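Grab a pencil and work through these exercises with the model open beside you. Try each task before you read its solution.

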Amino acid sequence: MYSNPPEKYLRAWLENADPVDIVIALYDKMSALLLEIIEMYEDENKEHDTKKEVELANRVSEILYYLKGTLDMKKGGEVAKGLNQFYGICITQLSRALKDKDVNLYKDLKKAIDEMRNAWAEVKKKTAKQK
């Protein structure tokens, strides 16, 4: 079924990974995708590839919607409510950046994603110390 070695490795990792590690990996992926978009804007030697920008932005959007969809609003309380709001703001910012072709909006979004990723990494550290 999974003849592609990287796909087999990813599948095995996902089946055994700590949920916080998965969240951190998704944030890392969003950050890398946003960096790729930002670099497209900042590379003056290349013609801007709108199709590629849309593809990358769509991948970021898919991750944001996935994370938003996994929130348990009943069990998560205020934390889930705050994350739901954060993901909604990120989705809006991403849409606006794509529509307006505004690299600064992408940079602001990347900064917010990176800060939230670092917060998740702190959660990971604190929970590891408690075990």
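Helices here are DSSP runs of at least four residues, numbered from the N terminus. Keep in mind that this is a predicted model.

**Exercise 1. Find out where Leu 83 lies, and decide: is it buried or exposed?**

Step 1: Look for the helix. Leu 83 sits in helix α4, which covers residues 73-100.

Step 2: Check the accessibility. Buried means under 20% relative accessible area. Leu 83 has 8%, so it's buried.

Step 3: Look at the neighbours. Leaving out residues up to four places away in sequence, Leu 83 touches Tyr 27, Leu 71, Met 116 and Trp 120.

Step 4: Leu 83 and Ala 25 are 58 residues apart along the chain, and their C-alpha atoms are separated by 17 Å.

**Exercise 2. Now do the analysis for Glu 42 and Lys 107: which helices do they lie in?**

Step 1: Get the distance. In this salt bridge, the closest N and O atoms are 2.7 Å apart.

Step 2: Name the helices. Glu 42 is in helix α2 and Lys 107 in helix α5, so this pair ties together parts that are 65 residues apart in sequence.

Step 3: Glu 42 comes out partly exposed at 44%, and Lys 107 is partly exposed at 34%.

**Exercise 3. Say how many residues separate Lys 125 from Glu 122 in helix α5.**

Step 1: Confirm the bridge. The side chains of Lys 125 and Glu 122 meet in a salt bridge of 3.4 Å, N to O.

Step 2: Count along the helix. The two are 3 residues apart in helix α5, so about one helical turn separates them.

Step 3: Check Glu 122, which is partly exposed with a relative accessible area of 37%.

Step 4: Look for a network elsewhere. Salt bridges with shared partners join Asp 18, Asp 21 and Lys 124 into one network.

Notes
Residues numbered from 1 in each chain as written. Predicted model: local features only at pLDDT ≥ 70, side-chain atom pairs only at ≥ 80, totals over all residues. Heavy atoms only, no water. Buried < 20%, exposed > 50% of the residue type's maximum accessible area, 1.4 Å probe, protein only. Contact = heavy atoms within 4.5 Å. Salt bridge = Lys/Arg side-chain N within 4 Å of Asp/Glu carboxyl O.
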